[in-house]
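Subject: Structure handover

Hello,

Here is the structure I promised to pass on. Please open it first, then read my notes below.

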Amino acid sequence: MSNIREVLIFILRVIIFLALIKAIDSFETIGTNITLLFITSIFGIWAGRKTSETNYSIKKVLTLNFFLIILTYILFWALNLLPLSVESYSHLKLAIFENHLTTILATFVICQVSSFFYYKFAVTTYIELLAGTIFFLNLLSAHRNYRFDLLNIVSELAWKLGLEQLTTIIIIAAVFFLIVFFYLLLSSATERFKGKSDKTVSSFSPIQISLSAIVLVGLYALLINNLYNYHYVEVLSKIRNGVNDEAKEGVSPLNFHSGLGGSSQATAVVRLEGDYTTNPYTPLIYFRETAVSKLAGKQLVIANSRFNPDVNLTHPESFFTQKQDFNLDFREPLNQSIFILTSHKIAFSVDYPISIVKLKNDKTRFKSVYRAYSMVPAFSPSEMENREFGNPNWSLDLKEHFLAKHPDTRYESLAKELTKDYDTKLEKARAILEYLTNKSIYTLQPGHESKIDDDPVAPYLFGDLRGYCVHFAHAITYMFRGLGIPSRVATGYMSDLSQSKDGHILLRMNDRHAWAEAYIDKLGWIVFDIQPKQVESHAETPVDAELLDELIGMLDPGEELLPQDLGRDEPGLSDENEFNIKTANLLKIILWIIVLVLILNFILINAYKLPLSADKKLKLLYSKLLVKLQSFNILRKEGESFANFKIRIKFNEKDIFKEIEILDKLYYSNYQLSDKESLGLLKDEKIEFKGFVSNLEEKKWLRVLKTILFYLNPVNGIKVVGRKV
Amino acid sequence: MLRFILVIYALTIINANFLLAQNADTNKSAMELLYEAYDLQASGRLIDYRTKLQQALKKDPKEIRVHMSLADYYLRHVGHFRLALKYTKAAERILYEEYGPPPYYYRYTQALHSDTLSLLSQSRLNLDDYKGALKAVREFKKLGYPGDWVTSSEAWILLKINRVEEAINIIEADLKKNPDNFGNNSNVLGILYSMVGKRKESIEVLNRSINHEFSRGITGNPATPLNNIGEVYKEIFIEDKSEESFLRATKLPDGCEHVLPSLNMALIRISQLRFLEAEQSLINFEACFAQYPLRNGEEHKALLQLVRARIALHNGDADYALKELQIASSRQQWFGKIGTTVNDFRAATYSTFGRALKIKNNHLKFKIHNSVAEFLKTQLEIIENKFKSYWFNRRARQILSEDLNYFEDLYIRHTDSFLEYPTLADTTSGFRAQTLRKRILKEIAKDDRAPARKFYESYLAIQKAKSLFGGGAENIKKLNELISSLRHKKDALLKLELMLALLLNTKEGSNRYLELSSKIYEEHKSALYNAGLKLPVNTSNITARDLKFIKKAGFLISNKSELNYKISVTTTKNKKVINFYKNNRLLYLEKGASIEEIINDFRDKVFTKIIYKKGIN
C-alpha cells in the first residue's frame with residue numbers, strides 16, 4: 001500500500017467488517033471461532049484489494065469464487081465416501097469441520113468480492129453502506145416493528161451507561177454518522193480505482209472536504225436538534241402511551257394524538273415491603289399519579305385538589321401526608337419503597353397514599369427514592385355487588401363534579417343503549433367494559449384528525465374504535481357519568497405482578513397507563529379498565545428479568561451491609577456489575593475519546609516525523625505546511641502552479657518551500673535524496689516556516705489560537721496524510 | 001424548623017398502628033426480630049418475613065443466623081441465587097471471624113457450619129458452578145457432619161458434569177453402608193440407572209422412592225420420583241403409564257412447583273396430536289404455580305414458550321409461534337436443578353425456530369396478494385425466512401453434534417432433551433446423507449428399543465424423500481412400511497410426518513395424492529398447509545375468476561371423482577360467500593365483498609386452529 005491514506009482505508013474497512021462479524025455474533029451466535037473469522041475477513045479484504053490491482057474481470061472473480069465453493073462441497077462429498085470409522089464418529093467430525101470451514105469460506109468470499117468491487121468501482125462504497133445499513137436495521141429491529149427504542153441492546157446500553165434511552169440512540173447514531181463520514185471521506189479521496197481514467201479518481205480539495213464536513217455535521221446537528229427537541233419534552237414529562245405527568249390544575253396530562261414513545265426503558269422499581277395478597281386486581285397492580293375529573297368544555301382536566309384529596313400531586317422529593325379515610329372499609333396498610341430511575345414530576349403509589357416520605361438516596365443510579373404508605377384496596381370482587389355508587393357523605397358540588405356529563409349526548413345515549421338489558425349500575429358498568437373490550441382495536445397511532453377544541457374521544461368511540469388507554473379511559477368515564485356513575489380518569493403506571501419478583505416491580509415507559517375509576521360506597525375509587533381483544537400495533541417486550549435481578553440485588557440492604565469483596569474467588573458472584581458504568585464516568589469516556597482523537601490527529605499532522613523514506617517525509621511536511629497555511633487563509637489560487645505559489649508567498653526574499661524543487665527532481669529525474677540532505681531540508685524548512693508564521697500581520701494571540709484550532713480539527717490530520725502532492 | 005413541625009404533624013396523623021409497629025420494631029433486638037420473622041414465614045407472609053429479616057440485619061449485621069435465613073429465603077422462595085450466595089458467603093465469613101476456621105468441636109458451631117455448606121452447595125449448583133458445589137458437598141462429608149442429603153447431592157452434581165458411573169458408585173456404596181438412607185438416594189439413583197440403560201432397575205428404584213416419599217406424608221416430595229419414572233416409561237415407549245405418572249405428579253403439591261411433569265405431559269400429548277390437552281397441562285401448571293407469589297417463574301417461562309410455540313405451529317399459527325420463540329430465545333433459564341443443559345434447550349429452540357420459518361414460508365406460498373407491493377414484500381419475507389431457517393437449522397445441528405457429545409440427543413426420547421422427536425427429521429435432513437446414515441447406524445447398534453428404531457429409520461426415509469430424486473421406489477416402499485407399522489394414536493405425529501413425506505413424492509392430482517392428502521387433512525387439518533401441500537376439493541358454482549383465487553390459496557381442484565371436501569361460492573345480498581363442506585356438511589364459510597377480500601381468511605379457517613387468542617399481554 002503506497003500511502004498512509006490507503007492504509008487508513010484498509011484499517012477502517014477491516015474495523016467495519018470486524019464490527020459486523022462481532023455484531024452478528026452477539027445478536028445470533030455464529031458458532032465458529034470468532035478470531036478465525038476476524039483473521040479470515042482481514043485476509044479477504046487484502047485479497048480483494050490485490051485482485052482489484054490485477055486485470056481480472058468481474059466475471060472471472062465471481063467464477064473463481066463460485067468454483068472455490070463448489071470445489072469445497074465436492075471435496076467434502078468425496079471425503080464422506082471414504083470408509084471412515086463409525087465408532088469414532090468420523091463422519092460427524094467431518095461434518096463439524098465442514099460446517100466451520102464453510103462459514104470461514106463464506107466470510108472470505110464476502111470480504112474478498114466486496115473489497116474487489118470496492119477498489120474497482122467508486123459506487124460500491126455507497127451500495128455497500130446502504131446494503132449494510134439495511135441488513136443491520138433489519139437484523140436488529142425487524143422483530144420490534146422497527147422501534148429502536150424497544151431494542152434490548154439499546155435499553156441494556158442505556159442502563160449500563162445510566163442514560164436516557166433516547167440519548168443512547170442519539171449517541172449510537174452520532175458514532176455511526178462519524179464512522180460513515182470518515183469512511184466516505186477516505187473512500188472518495190483515494191487513488192484506488194486502478195486501471196481507470198483519471199476522471200474516476202476523486203481527489204477532493206481541502207475546501208471541498210471542509211465544506212462536506214460542515215454540511216454533513218450541520219445536517220446531523222439539525223437532525224439531532226429536531227429529534228431531540230421533539231422528544232425532549234417527552235423525556236422530561238414522561239409522555240408515554242399518551243400519559244404525561246403534568247400536575248397543574250386546569251390542564252390534562254393526557255395526549256390523545258399518539259401513544260408512541262413507550263419504550264422498555266426502566267423508569268422505576270417498586271419494592272413492596274409487605275405482603276399484598278388481597279389485591280382485588282391481581283395479577284395487575286395500579287400505581288396512581290394523578291386523576292382528571294373536572295369537565296372543562298369537551299375534555300377532562302385536573303381539578304382543584306379538594307375534589308380528589310386521595311391524589312397526592314407531590315414531587316417525589318417532597319413530603320406528603322393526609323388523614324386516613326375512615327369511611328372506607330376493606331382497606332389495609334401497605335408500605336412501598338419506590339426507586340425512581342428517570343425524572344418524574346409526581347410521586348406515584350398504590351391507591352391511596354397516607355404519607356410519602358423521601359428516603360436517603362446514596363446511589364447515583366436513582367433520581368430519587370421515597371417511601372409511600374398507602375391504604376390499599378383489600379376486597380374480593382364479590383364485595384362490589386349490592387353496593388351503591390358514590391359517597392352519601394359527598395357535598396352537592398362533589399356529586400355534581402364527578403357526575404358532570406359530557407356535552408355530547410351520544411355518550412349517554414350509547415351507554416343507555418348498551419345497558420338497557422341490565423338492572424344494577426354495576427351490571428351496566430360491566431356491560432360497557434365488555435362492549436369496549438370486544439369492539440376496541442388497540443393501536444398507538446389512531447390517526448384521528450381533530451382540532452384543539454374538538455372532543456378527541458368521539459372519533460374513537462363513534463368512529464373506528466381504534467385507540468389506546470387514554471381513549472378507553474375517557475370513553476368509559478363519559479359513559480359512566482351518562483348513567484349516573486361517579487367517575488374519573490386516573491393516570492400513572494399499570495404493571496403485571498406475574499412479572500414481578502420477591503415483591504419487586506420493575507416499571508417501564510411501556511407501563512404508563514390511564515384508566516377509569518368509579519366510586520363505590522365504602523370501597524372508594526375502584527379501577528374499571530379494559531384490555532381490548534383486537535390489537536393493531538403492539539410490540540410485546542417482557543420485563544427484563546436479568547435487570548430486575550440486578551436491581552433486587554442493588555436494593556437489598558445487604559448491598560450496603562455485606563462486605564464488598566465477597567465475590568473474590570466465587571465464580572457465581574464474580575461478574576456482578578461488570579458493566580456498571582455510572583453517568584459520571586461517561587464524561588470521562590467522552591474526555592478520553594477527545595484526547596485519543598487529538599493524539600491521533602497530532603500523529604497524522606506530524607507524520608513526517610515517522611520513520612519513513614526521505615521523500616515521503618518531505619511530501620508529508622510540505623502537505624502539513626500547506627494545510628497550516630490554509631488556517632491563515634493563505635491558499636493556492638485556482639490554476640496557480642506550486643512553483644508560482646511558492647514565489648508569491650516568498651518571505652524575506654527566501655523560498656519557504658525549498659522542497660518543491662526537490663520534489664520536482666524526485667518526480668521527474670532519477671534524483672536520490674539522502675537522509676542527511678532530507679534532515680537538513682526539514683530543519684531549515686521548520687525554522688523558516690516558523691519565522692514566516694510569526695511575521696504574519698496578525699496578533700500573537702490570534703496566531704496561537706489558530707495553531708490550537710489547527711491541531712484540534714480532526715479533518716486536518718486526514719488532509720495532511722491524504723493530500724496528493 | 002418548618003420541616004420538624006411538618007414531621008411532627010405527620011407523625012400525629014399517620015395511621016397509629018403503623019407507627020406503633022415501626023416503633024416497636026426499632027426497640028427490638030435482632031434476635032427478637034428474627035423470631036418474629038420466623039412466625040411470619042410460618043403464616044405464609046413471605047414479604048413481611050423478608051422485610052423483618054432485613055430489619056434484623058440492619059440491627060445487627062453480624063448476626064449469622066439472619067444471614068443464613070436471608071440466604072435460605074432467596075434460595076427457596078425467590079430463586080435469586082446470587083443474593084442467596086452472597087448472604088451465605090457473608091455468613092461463612094462471620095463464622096470464620098468469630099470462631100476461626102473449621103473444624104469445630106461444639107455442636108452449635110458445627111450446625112452453623114454445616115448449614116452454611118449446604119446453602120453454599122445449593123446456591124452454587126443453581127448458578128451452574130458445579131465445581132464449587134462439589135467442593136462444598138465434599139467438605140461437608142469430610143468434616144463428618146450429619147446430613148442424609150449429602151450423598152444424593154454429590155451424585156447429582158457428578159451427574160451434571162457427566163461423571164455418571166462415579167455417581168452410581170457413590171450412591172451404591174452409601175446404600176450399602178446406610179440402607180436407611182434410601183429415601184434421599186433412590187430418586188437420583190433411579191435417574192442414574194436410566195442413564196446407563198438399566199431401565200428395569202431404574203423403575204424398581206423409583207417406585208420404591210415414590211412409596212417412600214408418600215410415606216413421609218406432608219414432608220414428602222413424591223412428585224419428583226413420579227416425574228422421573230414417567231420419563232423412564234416415556235423412554236421405553238409405555239406412554240400410558242408415563243402420562244399417568246406425570247398426571248399424578250402434577251396433582252401433588254410439590255408437582256406444581258416445578259415445570260417438568262407438566263411439560264413432559266404436554267410433549268407426550270403433542271406427539272399424539274392432542275394439542276388442546278397439551279395446552280391444558282400448561283395452563284394448569286401456570287394456575288398452580290401462581291400460588292408462589294414471590295417468584296415470577298422466569299426459570300421456566302422459556303420452556304413453556306417453546307412448547308406453546310410448537311402447539312401453535314402444529315395448528316398453523318406460525319406468527320404466534322415465531323413470536324413466542326423470539327421471546328423464549330431471549331429469556332434466561334437456569335438448569336442447575338434439572339438434567340437439561342443450556343445447549344439442550346438451545347438446540348431444541350433453534351430446531352423449532354428453523355421449522356417455524358419453513359412453515360411460515362409454506363403459508364406465504366398460499367397467500368393471495370392484493371397489490372404488487374404486497375407481493376414483493378412477501379417475496380422478500382420468503383427470502384429472509386429461508387435464510388434464517390437455514391441458519392437456525394445449521395445452528396441446531398452444530399450444537400447437537402459439537403456441544404452435545406456427537407449428537408447424543410439422537411437417542412430417541414433422551415430424558416435431558418427438549419427436541420421434538422417426531423419432527424426432528426426437519427433438522428437432521430440438513431446433514432449429508434452419509435453422515436446421518438452412519439450416525440444413525442451407530443445409534444441403532446446400541447439402542448435396544450424396537451419403537452425407537454422406527455424413528456431412526458423415519459429420519460433416513462424422510463431425508464431421502466426430501467432429496468432431489470425422492471429416494472426412488474424403494475424409499476416409497478420404506479415410507480409405506482413405516483407408516484403401517486407405527487402405532488395409530490401414540491405415534492400420530494411421526495406418522496403424519498411420514499405421510500407428508502410420501503405425499504411430497506406423489507404426483508399432484510393422482511388418485512394416490514387425492515386419497516393420501518384427504519387422509520392427512522382428516523388426521524390434522526393444519527398438516528397439509530404447514531407442509532405447503534394442497535388439499536384436493538370438488539367445486540360447484542364457481543366462476544373461472546374465483547376458481548383462480550381458490551387454486552392459489554392451497555386447494556387442488558379436482559372434479560373427476562367425488563371427494564370428501566367441496567367448495568362452493570354463492571352470492572347473497574351483494575356479498576360473496578365461500579363455503580367449505582365435508583361430505584356435504586357445511587364446515588366453514590366466509591363472507592365479503594369480493595373473493596380476494598375473503599380468500600385469505602377462508603383459507604385460515606379451513607387450515608388453522610387458533611389456540612391462542614391475540615391480545616395485549
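In what do the side chains of R288(A) and D310(A) meet? They meet in a salt bridge, with N to O at 2.8 Å. By salt bridge I mean a side-chain nitrogen of Lys or Arg within 4 Å of a carboxyl oxygen of Asp or Glu. R288(A) sits in strand 2 (residues 284-296) of chain A, and D310(A) in the loop between strand 3 (299-302) and strand 4 (320-321) of chain A, so the pair ties together parts that are 22 residues apart in sequence. Helices (H or I, at least four residues) and strands (E, at least two) are DSSP runs, numbered from the N terminus. Over all chains, the whole structure has 67 salt bridges.

Some ground rules. This is a predicted model: local features need pLDDT of at least 70, side-chain atom pairs count only at pLDDT 80 or more, and totals for chains, interfaces and linings use all residues. Residues are numbered from 1 along each chain as its sequence is written, chains are lettered from A and ligands numbered from 1 in the order in which they are written, and side-chain values use heavy atoms, with hydrogens and water left out.

Now the interface. Chain A gives 77 residues to the contact and chain B gives 70 residues (contact: heavy atoms within 4.5 Å). Together they bury about 6600 Å², 55% of it on carbon and sulfur atoms. Buried area is the accessible area (1.4 Å probe) that two parts lose on being put together, summed over both. In chain A, Y89(A), D275(A) and D502(A) lose the most area to chain B, together 10% of what that side buries.

Four salt bridges cross between chain A and chain B. One pairs E87(A) with K442(B), the closest N and O atoms being 3.2 Å apart. Several elements of chain A give two or more residues to the side that touches chain B, including helix 3 (58-81), helix 4 (90-120) and strand 8 (368-377). Helix 4 of chain A gives the largest share, nine residues.

Next, the backbone. Most residues other than glycine have a negative phi, and most peptide bonds are trans. Here are the exceptions I noted:

- The peptide bond from D351(A) to Y352(A) is cis, with omega near -15°. Y352(A) is in the loop between strand 6 (349-350) and strand 7 of chain A.
- The bond from P102(B) to P103(B) is a cis peptide bond too, with omega near 10°. P103(B) lies in the loop between helix 6 (81-99) and helix 7 (107-126) of chain B.
- F237(B) is not a glycine, yet its phi is positive, about 65°. Its place is the loop between helix 13 (223-235) and helix 14 (239-250) of chain B.

Best wishes
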